[in-house]
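The sequence and structure come next.

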Amino acid sequence: MSVKIGLEIHVQLNTKTKLFCRCPTKETEAPNEHTCPVCLGFPGSKPMLNKKAVEYAIMVARALNCKVNRTFIFSRKNYFYPDLPKNFQITQYEFPLAVDGFVDVNGKRIRIKRVHLEEDPGRLIHVGGDITTANYVLVDYNRSGIPLVEIVTEPDFESGKEAREFLQELSTMLEYIGVFDKEREGSMRVDANVSVEGGERVEIKNISGFADVEKALNYEILRQRMILKGGGKVGRETRHFDEKTKVTHVLRRKEFEEDYGYIPEPDLVVYSLDEAELKEIFARLPELPSQRVRRIVSRYSIPENLARVIVYKEKALADFFEECCKYFEDYVEIAKWVATDLLKCLNWHGISVKETKITPQGFVEMLKMIKNGEITARLGKEIIKQYVSTGKHPRKILEEMGIERIEESKLREICEEVLRENEKAANDYKNGRKEALQFLIGIVLKKTKGSADPKSAAKVLREMLES
Amino acid sequence: MEEKIEYWKIDESLLSHVTKVARLALSEEEIEKFTKELNEVLESFKKIDEANVDELQPMVHAVEVKNAWREDEEEKFQWEPFANTEHKEERYFKGPRIV
Amino acid sequence: MQNMELASYIEEAINGEVDVESLVERVEREVKEIQEGYECFITLANDIRQQVKNLEKTRKGKLFGVFVSVKDNICTKGLRTTAGSKILENYVPPFDATCVEKVKKEGGIIVGKTAMDEFGFGTFCVNTPFSIPKNPFDKSRSCGGSSGGAGCISRVANFPHVAIAESTGGSISCPACFCGVVGLTPTYGRVSRWGLIDYANSLDKIGCMGSCVKDVALLLEVIAGYDERDSTSLKTPVENYLHALKEVDEDSKIVERMRVGVPKEYFAEGVDEKISSKVWDAIKILESEGIPYEEISLPTTHYALPAYYIIAMAEASTNLAKYCGMRYGLHLRLEGNYDEYFSKVRAQGFGEEAKRRILLGTFARMAGYREAYYLKACKVRRKLVNEFKQAFSKFDALLAPTMPILPPKFEEIEKLTPAQAYAMDILTVAPNLAGVPMVSVPCGLVNGLPVGLHILGDHLQEKKILQLAYFFERVRKEKV
């Protein structure tokens, strides 16, 4: 049975202020701290459009290859809900910002139906249970009025995996454009429409996080398939994804479907940009991730898989990589270290490279030390760890470790010592148990505090043992 | 087959539906009374169909303004948002449950 | 004091010839008496003395020492604002409307909030759980609506006063007409709506009422102007209206050069013959003073009433959705789910007329009906505006009666069905829908009750219509 999935993605734009008022959008612990009569819908308040939000939304639309409408208006979408201060949402219905775009993900083209601007509602907390069992709700309107870009796709996805991959591509793209903070909770929320051949369309509302999107879709496809296989019907309905149990269930609340009764927003006006203004905004679009991968591969001649890892982790890491390339010519080496050890450290700490004190020069210095044999690769890994957590320059770290370059004669001395102290292992080796060598190398490294190169130690030990 | 909509009139069941959309709980007497009154009003409005305006674009504002927008600059509004309500709990607004 | 124009009073107040503080006791007493006699206020300010004391520090302002009443759908910080509705019975706004800010800055003293139909829904100021103001000419009759309280106080105040009012479909003109005072409804967007509790956003206009044209012009100068908080606010610079009236004093030829149109649809059946006759008298007086008129036809007027009401109710139904017993306004104990709770609060808090308009307005926007009702009405609006624009390309002003009936008795109003009540707006809805400025001036009495002459102008032609109104007022005074 074929599957059709369409997504409606809501992305919070990281403008400084809200869409229709000057309240700050930055996160705060204090509920209802960033509010005013406008975003709380007090009588007599009126909206005033944030121009930057329009510019950001146009950049997004352009990155998604949409046709941007030069003239647009806003509309009132009328429904009642405790998180909606005016019991209507200012959005775009007729005459949205942009239409008819596409994104290519892993060789498949996903069509974008429309991109428009709207205001975020507040945040609900269900007290005494979940959405179906709570006694009452608490509402924090800090989020109310934050600019959202809504991206609606055609039902071009055929699996949960495709949807997830698209969302990852979209998320990185938005981060690169600089209009989106993917670390912020709730900055990207997804509604999905799923239909399995033979059944009707089911809407799953408000899923946060790509992993959950894939899970929700997989669950839903399975659920629908089973119903249809069993001879049942899948009717049009709205379902809610439970983050904890990872299943979808119906939110049965009313006997009637909300009638949004759209009217053009009469407190706002007509907005129109001329060709020159549009061109200027388009020109602000920076290099997108897929473009950057291609360029890095070609410019630095590094393998595509490494380039992808670096580019898609975060823009800052790709910037870091390219900056390093200014100071060291072994680009492949830089790429390897950035994409593996450095990345591992950052992930372990859960931070961005921007949040560390490491510098491209410092990082490259360490790579140079490895290249000219001053330190071993193994030691390098150790130094990276400390560099990331403390920010101290690699040379300083090396000094503090008290490690000096091991001279050949000193190495021979230590190897002799090790062989003397570990007769049994030495004999094991001589009797044919070659793995005993690893043990002995280990002891040499311990004694030299890792500053000996394992290969050299192996060579010397073997020489001594076999003589 | 889709039901053809008849304009300029409303019956009790349709009005009942509207009260739900508008979140306005009416008594049976009110529904009866309003149905009668609104039908009279709709009847009096019917003549607008003769206005011959189909070719025109709808007009939202009689005086048209373009591009009223502002810079992305913060301004903190000094106020006590909870001053006009008793439904609050620890700096949150309190509201009725969803289901 | 009663007949002194505000301008002279202000001058004397600033230079100290009149001590404003010494007036306070008398004004407070008078306001109480007026309230007892006519019930034109919903809330009286309790800090008049303090406001006057604060004036002493500035010694300047275009409205220095003038007592200003404010229609109760305009927010006054710290002073209860109800919009005439039980659902906002205890609401205290956290900010001043822009027009109130401006009045205070120019030395005006806020004296109280005037009575109105709930949210502006009404033509007779009877649709309200608060006071119903009584007509100063006959207390058994209506003051008109929805700015009934403003019309009333403008007529009876015996102290320096001017009123801020508001019109959506005629709510300044009607009470000005019924109370025998001057009422100016500016061009849509001329005065900022920041702080105005919405009835219909594309139709609401804040305006002025007073005992004479000059006072109204003065207030307009103060409250008009661009406001960055209101997206629909116009950037066109505000003219010096008072100066424009002085020009008429110096050279009445300014007005005599004006061409005036008389639309026949405004004298059709439905308009009391005696009223038509009085208005024609006024037109003839102007003619005799050298202002010729020409009868014209504005056929789209015929559709203005349904178009107005459909748009107004559609917008109103969305504006009133915010009143649901959560963040402000009437609340009940939190019980049930939100559908149940909201429905209960709204059923209790809104009056009958508000409910009717919410229902019709919601209906007009619903899927399947939206095109036939709401969008069609918006198309009629465009046709109407085009028609007015065409007329104003030929004429400086259009003249008509303000209201089709004399101020009715309260018992007569009770007998009206909603459809019949709406029909009373036939003469005011068209210019309001078109967003053109208009001024209603008294033009005589019929059976001891006032009749109003309505002067309509093109967008942003407040200066012209005020000049013509002032000229007419002067000519009338001379004839009496």
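## Nonpolar cores

In this predicted model, the largest nonpolar core has 265 residues. The members that touch the most others are A:Ala57, A:Val60, A:Val115, C:Val68, C:Ile310 and C:Ile455. The element that gives the most to this core is helix H11 of chain C, residues 301-319, with 12 residues. Apart from it lies another core, of 35 residues, which includes A:Val293, A:Leu317, A:Leu342 and A:Val364. In soluble globular proteins, nonpolar side chains tend to be buried together.

A:Val115 shows what such contacts look like for one residue. Leaving aside residues up to four places away in sequence, A:Val115 touches A:Ala57, A:Val60, A:Ala61, A:Leu64 and A:Cys66, among others. The list also includes A:Leu97, A:Ala98, A:Gly101, A:Val149 and A:Ile151.

## Chain A

Chain A contains 15 helices and 17 strands. Its radius of gyration is 29 Å, well over the 23 Å that the globule rule gives for 467 residues, so chain A is more spread out than a compact globule. Along the principal axes, the C-alpha atoms of chain A fill a box of roughly 95 × 60 × 45 Å.

Of the 467 residues in chain A, 44% are buried. Among contacts in chain A with a separation of 6 or more, 69% are between residues 24 or more positions apart.

## Chain B

Chain B has 2 helices and 3 strands, and their order along the sequence is α-α-β-β-β. The radius of gyration of chain B is 23 Å, well over the 13 Å given by the globule rule for 99 residues, so this chain is more spread out than a compact globule. The C-alpha trace of chain B spans about 50 × 45 × 30 Å along its principal axes. Buried residues account for 29% of the 99 residues in chain B.

## Backbone details

The peptide bond between C:Gly145 and C:Ser146 is cis, with omega about 5 degrees. C:Ser146 sits in the loop of chain C between strand E5 (138-142) and helix H5 (148-156).

A:Asn32, a residue other than glycine, has a positive phi near 55 degrees. A:Asn32 lies in the loop between strand E1 (3-12) and strand E2 (49-50) of chain A, and it counts as partly exposed because it has 19 C-beta neighbours inside 10 Å. For C:Cys125, phi is likewise positive, near 55 degrees. C:Cys125 belongs to the loop between strand E3 (109-114) and strand E4 (134-135) of chain C. With 34 other C-beta atoms within 10 Å, C:Cys125 is buried.

Methods. Residues numbered from 1 in each chain as written. Chains lettered and ligands numbered in written order. Predicted model: local features only at pLDDT ≥ 70, side-chain atom pairs only at ≥ 80, totals over all residues. Core = buried A, V, L, I, M, F, W, Y, C linked by C-beta atoms within 7 Å. Buried ≥ 20, exposed ≤ 12 C-beta atoms within 10 Å, placed from the backbone. Helix = DSSP H or I, 4+ residues; strand = E, 2+ residues; numbered from the N terminus. Contact = placed C-beta atoms within 7 Å. Rg over C-alpha atoms; globule rule 2.2 N^0.38 Å.
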